[in-house]
Amino acid sequence: MKQGVSINVLSAALLSASHVHAVETVSEQSYLPLLAMDYEQNETRNWSQFVYSEKLDGIRAYWTGERLVTRKGNEIHAPQWFVEVLPTFPVEGELWAGRGKFEHTLSVVMDDTPNELEWKTLRFMLFDAPNHQGNFSQRTQAIEQYLNAVPVLLEKAHGHVALIPHFPAISDANIQAALSNLHAQGAEGIMLRNADEIYIQGRDVSLLKVKIAQDAEAEVIGYVEGKGKYTNMMGAIIVRMANGKTFKIGSGFSDKQRETPPSVGSKVTYRYNGYTKYGIPKFARFVRIDKTKQ
């Protein structure tokens, strides 16, 4: 169900009068993110409404206007110089160190004492302004106007704050070609957004993720002992899906991860390619533990 979203005042000194009139003051509220649904190839849709961007393999973060938090609302302890260039209105983005560097990003972001040098390896790639009442195009325009209005601050930012570029989707064939090209460069996938939609709390078709393989999360409920070269290590983890079905994941782990496997009760992300006739993920392999989602 689509819900109304609260609106914060954007700074009149930074945005045009038309944008200021589009918002109103509210107190800080719980962050309820817009979540993506899986893209179904060849579905009928009005492609003129959609834009796409690279799906960044980072950690989703929300700037309240005063604090930087995870999608679960846990505080992220970033250095002062990292956040002082951010706007007074809420923005959402991905803390990102580059393709294939999720584990590095996680270690930096989850440190309660920020490492100044390590934080310089991260960028805050913005993609939305959740409390703005406009459609996606208008929301990203508000971010762009802010970034263009504060060149002095951005010089201090050393390029660590930017708006993720979006491109016209055009057609299913164009999306598949872009996906193939990005995948060859090591990208995780593509995000499709309906540029005409308001920000919707919860999972909605206005935001779609497109990947060569699919990712999902499951809870660790046990282990299978390793054999051969994995003797005295974990051979596989036993996980439970949200629908209650259980299965094993035995690939995708480093030797170090097999020595200290994910704890029982933790949530892990796994990658798979479709389902068996019994509803079990095919070719499931471990991707990571994301502590921001626990």
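A pocket is an open set of grid points, where a 1.4 Å probe fits, with protein on both sides within 12 Å along at least five of seven lines. Lining residues have an atom within 4 Å of a point. The legends below refer to a predicted model.

**View 1. The second largest pocket and the residues nearest its centre.** This pocket has a volume of about 300 Å³. Its lining is made up of 15 residues. Nearest the centre lie D57, E188, R271, V287 and R288. Sorted by type, the lining holds seven charged, five nonpolar and three polar residues.

**View 2. Helix α3 and strand β15 at the second largest pocket.** Helix α3 covers residues 102-109, and strand β15 covers residues 285-289. Each of the two supplies at least two residues of the lining. The most comes from β15, which gives three residues.

**View 3. Strand β11 beside strand β14.** Strand β11 takes in residues 214-225, and β14 takes in residues 267-272. The two strands run antiparallel and are joined by six bridges. To find one of the pairs, look for Q214, whose bridge partner in β14 is Y272.

**View 4. Strand β11 beside strand β12.** β11 also pairs with β12, which spans residues 234-240. The sense is antiparallel, and there are six bridges. Here Y223 stands opposite I237 of β12.

View 5. L34 belongs to strand β1, residues 34-38. The relative accessibility of L34 is 3%, so this residue counts as buried; the cut-off is under 20%. Leaving aside residues up to four places away in sequence, L34 touches R60, Y199, I200, G202, D204, S206 and L207. Take I200 from that list: L34 and I200 are 166 residues apart in sequence. In space, their C-alpha atoms are 5.6 Å apart.

**View 6. The whole chain, for orientation.** The chain has 294 residues, and 47% of them count as buried. Its secondary structure comes to 15 strands and eight helices. Among contacts with a separation of 6 or more, 68% are between residues 24 or more positions apart. The chain exposes about 14700 Å², and carbon and sulfur atoms supply 50% of that area.

Technical notes: Residues numbered from 1 in each chain as written. Predicted model: local features only at pLDDT ≥ 70, side-chain atom pairs only at ≥ 80, totals over all residues. Heavy atoms only, no water. 1 Å grid on protein atoms, 1.4 Å probe; cavity = no way out; pocket = protein on both sides within 12 Å on 5 of 7 lines; lining within 4 Å. Points joined across faces, edges and corners; volume = space filled by probe spheres on them. Helix = DSSP H or I, 4+ residues; strand = E, 2+ residues; numbered from the N terminus. Nonpolar A, V, L, I, M, F, W, Y, C, P; charged D, E, K, R; others polar. Buried < 20%, exposed > 50% of the residue type's maximum accessible area, 1.4 Å probe, protein only. Contact = heavy atoms within 4.5 Å. Areas by Shrake-Rupley, 256 points an atom, 1.4 Å probe, with all protein chains shown as cover. Pairing = 2+ DSSP bridges.
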